[in-house]
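Please keep the sequence and the model in view while reading.

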Amino acid sequence: YVPNYIENRLKFSPYIKDAAVIGQNKDTLTAMVCIDFESVGHWAEVNGVPYVSYADLSQRDEVAKLLREAFLRVNKALTPGLQLKRVVSLHKEFDPDDGEITRTRKLRRQVVQERYSDVIRALYDGSREVHVSAVVTYETGETGRVVGTAVDAVTRREPFDRLGEAHVGAVEDAVGVQGLDVGVDAHVIPP
């Protein structure tokens, strides 16, 4: 498997800025994505979707639907062994100041896998949620912490599914998987 190929296919969506495909030495492939804040923010304004921060916007039900459409498109173009089985939208962008990507936006896979090891573990162990905590560095050099819970938004049907039962069936029929995982209910805690 070549993760860069799948990551680039995901980034063809105007709503996805960065992606990290995980799957080396695993039976299935999963991904973590970061929304394109400018593009999704514009879409949200045009469509009357309120939000207060990147973390809030990236976790909106309406945004999850946009991301699912991108994943369905990518999975249709991939052979069954390369299709993404679970995906999570992260609560923050990959950032060069945090060492997750280079200044030219190349993914630092090792750093990302270490920093998001709890999220990756949850993608593979079938967890419906995982506690997330990440240190972020602001342009001023100050740091803050983003915390929250990554939630399995598609296969979780109790008390409700984010996009409804009909859409879950459509996802399963279209890509032959047990649902794509898109969601981190995150909250920003000031430094």
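The model is predicted: local features need pLDDT of at least 70, side-chain atom pairs count only at pLDDT 80 or more, and totals for chains, interfaces and linings use all residues. Residues are numbered from 1 along each chain as its sequence is written, and side-chain values use heavy atoms, with hydrogens and water left out.

**Salt bridges**
- The count comes to 9 salt bridges, where a salt bridge is a side-chain nitrogen of Lys or Arg within 4 Å of a carboxyl oxygen of Asp or Glu.
- K92, D98, E100 and R115 are linked in a network of salt bridges.
- In the pair formed by D98 and K92, the closest N and O atoms are 3.1 Å apart.
- D98 is buried at 9% relative accessibility, and K92 is buried at 5%; buried means under 20% relative accessible area, exposed over 50%, and partly exposed in between, with a 1.4 Å probe and protein chains only.
- R115 pairs with E100, with closest N and O atoms 3.2 Å apart.
- R115 is partly exposed at 37%, whereas E100 is buried at 0%.
- R121 forms a salt bridge with D118, at 2.4 Å between the closest N and O atoms.

**Helix α4**
- Helices are DSSP runs of H or I with at least four residues, and strands are runs of E with at least two, numbered from the N terminus.
- The buried residues of α4 include V63, L66, F71 and N75.
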